[in-house]
Amino acid sequence: MSQEVIDSRISKEYSAGFVTDIESDTLPPGLNEDVIRFISGKKNEPEWLLEWRLEAYRDWLKMDNPEWAHVHYPRIDFDAVSYYSSPKNMQDGPKSLDEVDPELLATYEKLGIPLHEQEMLAGVAVDAVFDSVSVATTFRGKLAEAGVIFCSISEAVHEYPELIRKYLGSVVPRRDNFYAALNSAVFSDGSFVYIPKGVRCPMELSTYFRINEAKTGQFERTLIVADEGSYVSYLEGCTAPMRDENQLHAAVVELVALDNAEIKYSTVQNWYPGDAEGKGGIYNFVTKRGVAHNHSKISWTQVETGSAVTWKYPSCVLRGEHSVGEFYSVALTNNLQQADTGTKMIHLGKHSKSTIISKGISAGRSSNAYRGLVRMSPRADGARNYTQCDSLLIGDKCAAHTFPYIESRNPSAVVEHEATTSKVSDDQMYLCQQRGLDAEKAVSMIVNGFCKEVFRELPMEFAVEAGKLLEVSLEGSVG
Amino acid sequence: MLKIENLHARVEDTEILRGLDLEVGAGEVHAIMGPNGSGKSTLGHILAGRPGYEVTDGSVTFNGENLLEMETEERARAGVFLAFQYPVEIPGVSNMEFLKAAVDAVREQRGEPAIDAVSFMKRAREACTAANLPAEFLKRGVNEGFSGGEKKRNELIQMMLLEPRLCLLDETDSGLDIDALQVVAQGVNSLRAPDRAFVLVTHYQRLLNYIEPDRVHVLADGRIVRSGDKDLALHLEDRGYAWVEDEVA
């Protein structure tokens, strides 16, 4: 495979890059306590939550932008970002899909999420977050029958205040890190899920995030609580328009799996990655963490293809005995994208188990880093971890890095780590082409094969989507 | 079917083929023999269109078309098949997925729709049986963890499914035990057809005990220095390549 083949194959256009022409209410850029009061007031929040936000903001002021990640970007001017944007005629919130702005619905249809049809057909309940506001949640009726709560987090603040008060910030504390503190201060919306005791959620739940407005940050917050013995599978998808300036996305996701519960959280992240020269694109600085109680299981699966800069470590705190944490990740970087992603498995409970399978693919001039921490605490008797960390290079101008951290303070714990780095070889390409496959098909087949162990963890329909997305993201990586 | 005239080719800065002429008719089996480094394998790769192999002079036509102007995958779709000496692994891509994609690429070229899964499976299983491999083989990654013999038999399966017009076998006999060699030879013989030609590149005569060639050519120093019928191979076996080289000199 020649370098030109690779280059042209990698540079495919971003298909979700359109802008929706919609009137919106956007706060002027800048952050201070009044902005936070405004956001909280807009949502008619209770006093405790406003205080909570303000305390997070004051903590944030004392913190510094983290610089340990293997990514480089100009210092972000947080006063140039707008912290709230909502489509104008939705300020009272839609009561049903019929009240949702048709332009918005058209946007989601363009993205392949027809809310109407999804409600009828797919068996996937969707919460769609557009800029800062949750637009519509489908399938509510059916979920309510099972006792499952799936709504926007602003709504949950009013409807289920005890649950929110109990769990918000319980997994990712306000001052956990710079971006978590920022999110806690200004989060606008996001999804809330509660699965009652012993209930197996009857369908996949899904959230689509979309950043539309220019110069707007998106700070959504997701909280999922699986009560004892329950099960839920949740999928998150993300897109944004193509814009020349960088946009900030700083989300927080918290998962709570109580005894014997299981949460499967899958992400297909396709934020705008910037153009071939590295102009524009999303800064994706996200904190995702779950706490697993006795005999419970939390499984993160992520397919990361977008964003200019990604900084993200979905983690598990394995608090309970026999709790299980899993992390399956495909991170693809192309052109000038940078990703520093991985996971943390914190083993506290006895006989807790974790598995990490990370597949990094670098193409173009991109840089792709895996960063993972496995910590065995002194009381985690018999805990086990298995880590497999594979990097695939396409072309000769990209980079792959691996930063594994292992801390074991229990002699009975077992930690295994395997790592490989390989290239899409000329010989593999030649074999495929000699059998009649063109270069694009050959690369996508080889890359898909490389990712197989992760794709099989995704819900079926999303595995197909992920495969296609990979194909699109790789376009132009071969010439 | 295949006509090569005055072919000169180089790999990086080394000239390997220096004025090679060869004509192969439909239905014929030709064996190319020669000492190590004579350019036998290079010939196969030049015909298959391996990137980095550069033709500096001469012409190659395949069914009247200029083969050298076609991309690697276009040649494959037109019916040129190279059975590799060292088939490479593609981890995670199942043999079945790979074979179906290849079959569909060839069919698309012929203006046929993609093969349906049921017919494909039936044909793939038949090919496995012919290659004396269990059908579970289809589920494994392409050449992933295969033994040398399994890899060669896997090439045979691909050849059977793709139904090429021109089959180039690059030292297919190397690394095969006698049983595997017979399986591969039987497979090749079963594929012999009036509209299909074979070029067997081999260092040893033993493959030709099982696949009887119409013509045998000796390649030395980038050219064909001697051609004959199957007896030429036996002579070589007796007297070694030095005999031909001395004679040419």
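One caution before the details: the model is predicted.

I start with the whole chain. Chain B contains 8 helices and 12 strands. Along the principal axes, its C-alpha atoms fill a box of roughly 55 × 40 × 35 Å. How does the radius of gyration fit the length of the chain? For 249 residues a compact globule would have a value near 18 Å, and chain B has 18 Å, which agrees.

Now the sheets. I take the one with 4 strands first. It is an open sheet in the order 2-1-4-5, and the pairing is antiparallel. Which strands stand at the edges? They are strand 2, residues 14-24, and strand 5, residues 65-66; each has a single partner strand, so one side of each is left without a neighbour in the sheet.

Within this sheet, please look at strand 1, residues 2-11. Strand 1 of chain B is joined to strand 2 of chain B by 8 bridges, and the two run antiparallel. You can follow the pairing residue by residue. B:Lys3 is opposite B:Glu23 of strand 2, and B:Val11 is opposite B:Thr14 of strand 2. The hairpin of these two strands has 2 residues between them, and there B:Glu12 takes a positive phi near 50°. Strand 1 also pairs with strand 4, residues 53-62, in the antiparallel sense over 8 bridges. In that pairing, B:His8 faces B:Asp57 of strand 4.

Next is the sheet of 6 strands. This one is also open, with the order 6-9-10-3-11-12 and mixed pairing. Its edge strands are strand 6, residues 80-83, and strand 12, residues 223-228, each pairing on one side only. On average, and ignoring direction, neighbouring strands here are turned by 20° against each other.

At one end of that order, strand 11, residues 215-220, pairs with strand 12 in the antiparallel sense over 5 bridges. B:Val218 has B:Arg226 of strand 12 as its bridge partner, and B:His217 stands opposite B:Ser227 of strand 12. The hairpin of strand 11 and strand 12 has 2 residues between the strands, with B:Asp221 at a positive phi near 55°.

What packs on this sheet? Helix 7 of chain B, residues 230-239, does, and it touches strand 3 (29-33), strand 11 and strand 12. The direction of helix 7 makes about 45° with that of strand 11.

That brings me to how helices pack on one another, and helix 5 is the one to follow. Helix 4, residues 117-130, packs with helix 5 at an angle of about 135°, their axes being 9 Å apart. That angle makes helix 4 oblique to helix 5. Their crossing is right-handed. From helix 4 the contact takes B:Arg123, B:Ala124, B:Ala127, B:Cys128 and B:Ala130, and from helix 5 it takes B:Ile157, B:Met160 and B:Leu161. By class, that is 7 nonpolar, no polar and 1 charged residues.

Helix 5 also packs with helix 6, residues 178-191, at an angle of about 10°, with axes 10 Å apart. Helix 5 is therefore roughly parallel to helix 6. On the helix 5 side, the residues in this contact are B:Gly149, B:Lys152, B:Arg153, B:Leu156, B:Met159 and B:Met160. They meet B:Ala180, B:Val183, B:Val184, B:Gly187 and B:Leu191 of helix 6. The classes here are 7 nonpolar, 2 polar and 2 charged residues. B:Met160 is named in the contact with helix 4 and again in the contact with helix 6.

Last, the contact between the chains. How many residues does each chain give? Chain B gives 22 residues and chain A gives 20 residues. On the chain B side, the elements giving two or more residues are helix 2 (72-78), strand 7 (90-94), helix 3 (95-109) and helix 5 (148-162). By class, the chain B side has 15 nonpolar, 4 polar and 3 charged residues.

Technical notes: Residues numbered from 1 in each chain as written. Chains lettered and ligands numbered in written order. Predicted model: local features only at pLDDT ≥ 70, side-chain atom pairs only at ≥ 80, totals over all residues. Contact = placed C-beta atoms within 7 Å. Nonpolar A, V, L, I, M, F, W, Y, C, P; charged D, E, K, R; others polar. Pairing = 2+ DSSP bridges. Axes fitted to C-alpha atoms, helices over the stretch in contact; angles between N-to-C directions. Parallel < 35°, antiparallel > 145°, perpendicular 65-115°, else oblique. Left-handed = near helix turned anticlockwise from the far one by under 90°. Rg over C-alpha atoms; globule rule 2.2 N^0.38 Å.
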